[in-house]
Each structure stands twice: as C-alpha cells, then as structure tokens.
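Colleague: I am new to this kind of model and would like to learn how to read its salt bridges. Could you take me through them step by step?

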Amino acid sequence: MSELDIQSDVAALEGTAALAEELEELRGLKVGLDARRALVEDARRRLEENQGEIVGNLNHYVALRAGLRADLLELGRAGPPGLRRAARDLDDQRALLRRQDETL
C-alpha cells in the first residue's frame, strides 16, 4: 500500500468521522424538538379541555340564570321596581355571557 493510498484512506476516515459527529448532533436536536413537540401537544390538549370545561360551566350558569329570570318574569310587571331592575340586570348578564361563550 502506498503512502498516497494511506493518505487517501485517512482523509476518507476523517470525512466519515466528521459526518458521524454531525449526524449525532442532528439526532440530539431531533430528540429536543420531539420533546418540545410533545409538550406543545400536551399544552394544547389541556387548553382544549379547560376551554370545554369553561364553556360547560358558562352554559350551566346561563341556564341557572335563565331559570331565575323566568321565575322573575312570572311575577309580572306588577312586581316591585327592584324585581324589574333585577330582571333587566339578568338580561344584561345573559347577553354578556352569550358574547363570552361566542368568544370562547
């Protein structure tokens, strides 16, 4: 084997070693990106669960308030002014909750 062949083989091995190091670095970066992706997916899942829970709670609250409003309306306009004001306040709250529900 000539010295030229040995130098060529050494250069090829050095190039292969450099590629192996780059590949190892890329693998490490991929592991980090995969871990971040998993965290983002978990956060997204939790946000969707929380959003669904909030919407459910808002709908429940609106239903409760709607029942109270219906009870107040059954009293009619002959009721005391405080009850009429409470009915208006409930209407305002219901509209606000509807807008919040639509926003969510």
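Colleague: With which residue does aspartate 42 form a salt bridge where the closest N and O atoms are 3.1 Å apart?

Modeller: Please keep in mind that this is a predicted model. A salt bridge pairs a side-chain nitrogen of Lys or Arg with a carboxyl oxygen of Asp or Glu, within 4 Å. Here the partner of aspartate 42 is arginine 46, with 3.1 Å between the closest N and O atoms, and both residues lie in helix H1, 4 residues apart, about one turn of the helix.

Colleague: How far apart are the closest N and O atoms in the salt bridge of aspartate 42 with arginine 45?

Modeller: They are 2.4 Å apart, and because aspartate 42 and arginine 45 are 3 residues apart in helix H1, which covers residues 3-74, about one helical turn separates them.

Colleague: Which glutamate forms a salt bridge with arginine 45?

Modeller: That is glutamate 49, whose bridge to arginine 45 has its closest N and O atoms 2.9 Å apart; these two residues also lie in helix H1, 4 residues apart.

Colleague: Is aspartate 42 buried or partly exposed?

Modeller: Aspartate 42 is partly exposed, at a relative accessible area of 29%, as are arginine 45 at 39%, arginine 46 at 41% and glutamate 49 at 46%.

Colleague: How many salt bridges does the structure hold?

Modeller: The structure holds 5 salt bridges, in a protein with 2 helices and 0 strands, where buried residues make up 7% of the 104 residues.

Key
Residues are numbered from 1 along each chain as its sequence is written. This is a predicted model: local features need pLDDT of at least 70, side-chain atom pairs count only at pLDDT 80 or more; totals for chains, interfaces and linings use all residues. Side-chain values use heavy atoms; hydrogens and water are left out. Buried means under 20% relative accessible area, exposed over 50%, partly exposed in between (1.4 Å probe, protein chains only).
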